[in-house]
Amino acid sequence: MSRDSAQRTMSSGIVNRAVIDSFVKLNPKLMIKNPVMFVVEVGFVITLLLTAFPNLFGGNYGPSQRVYNLIVCIVLLITVLFGNFAEAIAEGRGKAQAESLRKTKTDLMAHRRKGGAFELVPATSLRKGDIVRVSAGEMIPADGEVIDGMGSVDESAITGESAPVIRGAGGDFNSVTGGTKLLSDELVVRVTVDPGESFLDNMIRLVEGASRQKTPNELALSVLLAGLTLIFFIVVVTLQPMAHYVHGTIDVATLIALLVCLIPTTIGALLSAIGIAGMDRVVRFNVIAKSGKAVEAAGDVNTLILDKTGTITMGNRLASEFVPVGSHSENELIEVAVLSSLFDETPEGRSVIDLAREKHIQLSRERYMDSENVEFSADTRMSGLNLVDGTVVRKGAVDAIKRYVAEKGGLIPPDLDVKTERIAKEGGTPLAVVRDNVVYGLIYLKDIVKPGMKERFEELRKMGIKTVMCTGDNPLTAATIAKEAGVDEFIAEAKPEDKMRLIRTEQEQGKLVAMSGDGTNDAPALALADVGLAMNTGTTAAKEAGNMVDLDSDPTKLIEVVSIGKQLLITRGAITTFSIANDVAKYFAIIPAMFVAMIPSLKVLNIMHLTTPHSAILSALIFNAVIIPLLIPLAMKGVKYRPMSATSMLVRNILFYGVGGVIVPFIGIKLIDVMITALGLAHI
Ligand SMILES: Nc1ncnc2c1ncn2[C@@H]1O[C@H](COP(=O)(O)OP(=O)(O)OP(=O)(O)O)[C@@H](O)[C@H]1O
Ligand SMILES: [K+]
Ligand SMILES: [Mg+2]
């Protein structure tokens with residue numbers, strides 16, 4: 001089957017299923033969650049009874065009333081079904097996706113460690129803390145952290161990305177996901193989740209919408225809609241005594257039709273579809289949002305915090321030059337630099353070794369096996385070795401090294417600052433190299449700003465979002481890169497806790513903050529931020545702390561997420577405006593029609609000139625139903641979002657959807673009235 005036709009059968013499958021689901025959702029237990037549409041369903045039941053027994057509530061109605069009641073009854077049923085269909089079709093994609101994810105889960109086996117050996121067990125029996133061995137060609141049986149070995153993993157089952165990724169013990173690339181396939185080598189993995197709680201399980205639940213809860217915004221809107229419904233209910237109920245007062249009566253089916261026309265059924269029917277579609281759009285960008293709330297928060301974000309290396313710049317900072325200082329030669333510098341990097345497994349450390357090799361300087365690791373390796377940390381901003389003979393070598397951020405040398409009573413060579421400045425002004429990262437308390441020179445780490453960053457930040461600025469670059473690098477390098485990339489503000493020489501402080505300060509000013517990160521030390525900040533986008537390549541801690549995970553591990557994807565969030569909020573606002581404006585217009589169609597027989601002077605209000613009172617009511621009711629499926633595409637695709645300030649967006653939308661919402665029903669109802677008249681149904 002070609003991809004195209006496969007897609008078509010999938011989408012026709014989704015439609016068929018949605019049609020069935022529309023009926024399943026008629027179950028009152030499910031309907032009650034949506035009070036507006038529940039009222040319509042109750043109306044359907046009552047008019048159904050009135051079709052069978054036209055004089056159920058008194059009166060002396062003839063057979064033509066039966067036909068009228070039946071038409072109202074059918075239109076009401078269709079209205080409810082249309083609303084259910086909107087929700088079902090929005091859920092459809094996720095359900096289909098969940099099914100294909102479930103397939104990757106079945107029948108996994110695992111080699112679990114027991115004593116000194118490994119036993120073959122079903123993956124479903126694995127518990128948190130179990131140790132498993134995975135060999136090349138096998139599926140990784142559960143989520144976990146690699147504790148030994150390194151290998152390439154095909155994660156396409158969850159990311160859809162076919163390029164294999166490297167996973168290995170230690171560092172920020174140690175997390176593996178159950179259901180992905182190890183392509184090479186062997187890994188020993190410590191399982192980090194119990195059955196049913198895995199990433200894949202969560203993802204299935206998420207895309208399926210099983211764990212979907214109403215967001216605070218949605219909840220507030222639902223309460224408002226329910227309130228409006230109650231008000232209109234009271235209004236409609238009091239119409240009957242008013243009619244009596246002018247010596248008329250209004251039949252119950254008409255009252256129900258009026259009520260349904262007046263309550264906000266359009267937004268009531270589409271509300272949950274809009275929310276589901278928003279989450280779905282995020283998924284299509286390969287981002288897993290743990291809640292709809294996170295997506296919504298993204299739409300309101302004021303401040304975006306990004307780190308420099310790897311987010312704004314390419315991130316493979318490579319040593320490109322050795323710059324000796326004082327009276328030291330280049331070779332002397334290189335030797336100390338290599339020594340300090342001998343066991344430094346960061347890309348920076350590796351690149352120092354590579355550049356030195358190009359310059360024909362190499363040291364054997366075996367000779368220094370007994371020395372103590374001092375790993376790089378974002379807190380010390382240094383790395384190096386403590387040799388057995390007491391010699392200490394370090395490389396690191398220049399200010400950190402300067403402080404270190406001063407503590408040890410060493411001197412700072414006079415040309416260090418000038419040379420540091422030169423590298424920093426070019427946007428490079430200078431690393432100072434020191435043996436004991438003597439500074440030998442600088443390593444020039446080059447990093448390039450990713451293409452197109454300036455345009456992306458410009459777009460964010462138009463959305464009214466402030467961007468702050470937070471980097472551990474020195475202020476000059478930071479300033480150069482900030483200018484080149486076009487971020488609004490930057491913080492240099494930042495330690496992980498500075499990120500948290502920045503988030504807190506912004507939040508205290510009432511702002512919503514988004515950030516992306518991947519390291520274990522990013523986890524607290526990811527948890528603190530309103531939108532925390534964790535990288536899938538990152539550590540388990542980071543992924544647990546964030547409320548979104550980017551499967552492609554592209555930190556700049558926050559920009560798309562923010563756009564989708566905004567689009568979601570705008571779409572909901574637009575359809576709400578449209579829905580309520582619609583109801584105003586329907587009021588003009590129905591009220592004059594209902595009362596004109598009793599109060600002839602109301603004729604002046606009858607601006608639409610609909611054929612008969614019955615046709616007026618039926619036209620409004622049919623329009624009310626038909627508008628729901630007509631708006632499904634808009635609810636699913638979202639209102640197109642263009643970067644502009646929130647107020648101008650609001651004004652524009654109120655004009656478009658508010659005014660449009662008043663005009664469209666006038667035209668629509670008139671057209672339907674003409675058709676009803678042509679069909680000869682106006683005089684039933
Ligand atoms: N392997 C390393 N050995 C020694 N020093 C390093 C090493 N890697 C980075 N540094 C220094 O430590 C500083 C802080 O590094 P850190 O990773 O916290 O921030 P960064 O990568 O510069 O910025 P960002 O937070 O934007 O990623 C770097 O600017 C650099 O000066
Ligand atoms: K309505
Ligand atoms: Mg970094």
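Start by selecting strands E1 and E2, which pair in the antiparallel sense over 6 bridges. One pair to click on is Lys 114, which stands opposite Ala 117 in E2. Now look at the turn: E1 and E2 form a hairpin with 2 residues between them. Gly 115 sits in that turn and has a positive phi of about 65 degrees. Keep in mind as you go that this is a predicted model.

Is Arg 113 buried, exposed or partly exposed? Counting gives 15 other C-beta atoms within 10 Å, so Arg 113 is partly exposed; buried would take 20 or more, and exposed 12 or fewer. Which residues does Arg 113 touch, leaving aside its neighbours within four places in sequence? Show Phe 118, Ile 131, Val 132 and Arg 133, and you have its contacts. Try the distance tool on Ile 131: Arg 113 and Ile 131 are 18 residues apart in sequence, yet 5.5 Å apart in space, C-alpha to C-alpha.

Now zoom out to the whole sheet. It's an open sheet of 6 strands with antiparallel pairing, and the order to trace is E2-E1-E3-E9-E4-E7. At the edges you'll find E2 (117–122) and E7 (175–176), each pairing on one side only. Further along, select E4 (residues 144–148) and E9 (residues 186–191), an antiparallel pair with 4 bridges. Click on Glu 145 and look across to Arg 190 in E9, which it stands opposite.

There's another sheet to visit. Select E6, E5 and E8, in that order: they make an open sheet of 3 strands with antiparallel pairing. Val 153 is the one to click here, as it stands opposite Leu 182 in E8.

Time for a helix. Select H6 (residues 199–208) and show the side chains of Phe 199, Leu 200, Met 203, Ile 204, Leu 206 and Val 207, which are buried. Look down the helix axis: these residues cover an arc of only 165 degrees around it, which puts them on the same side of H6. What covers the buried residues of H6? The cover includes helices H4 (63–105), H5 (156–159) and H9 (265–284), along with strand E10 (287–289).

Let's colour by domain. The chain is divided into domain 1 (3–97 + 208–283 + 563–678), domain 2 (106–207), domain 3 (300–314 + 450–551) and domain 4 (318–446). The centres of domain 1 and domain 2 are 49 Å apart, taken over C-alpha atoms. Their contact takes 6 residues from domain 1 and 4 residues from domain 2. On the domain 1 side, the touching residues divide into 2 nonpolar, 3 polar and 1 charged.

Now hop over to strand E18 (residues 466–470). Of its 5 residues, 4 are buried, so E18 is largely enclosed by the rest of the structure. Strand E11 (residues 303–307) pairs with E18 in the parallel sense over 5 bridges, and Leu 304 has Thr 467 as its bridge partner in E18. E18 also pairs in the parallel sense with E19 (residues 489–491), over 3 bridges. Click Met 469 there and find its bridge partner in E19, Phe 490.

Last stop: ligand 1. It's surrounded by 21 residues, and the closest are Asp 307, Lys 308, Thr 309, Ala 397 and Gly 472. To see which elements give two or more residues to this shell, highlight helices H11 (308–312) and H13 (347–358), plus strands E14 (382–386), E15 (392–397) and E16 (429–435). Colour the shell by residue type and you get 5 nonpolar, 9 polar and 7 charged. Bring back the domain colours to finish: domain 3 and domain 4 each give at least three residues to the shell around ligand 1.

Key
Residues numbered from 1 in each chain as written. Chains lettered and ligands numbered in written order. Predicted model: local features only at pLDDT ≥ 70, side-chain atom pairs only at ≥ 80, totals over all residues. Pairing = 2+ DSSP bridges. Arc of directions from axis to C-beta. Contact = placed C-beta atoms within 7 Å. Near = placed C-beta within 6 Å. Nonpolar A, V, L, I, M, F, W, Y, C, P; charged D, E, K, R; others polar. Domains from an automatic or database assignment.
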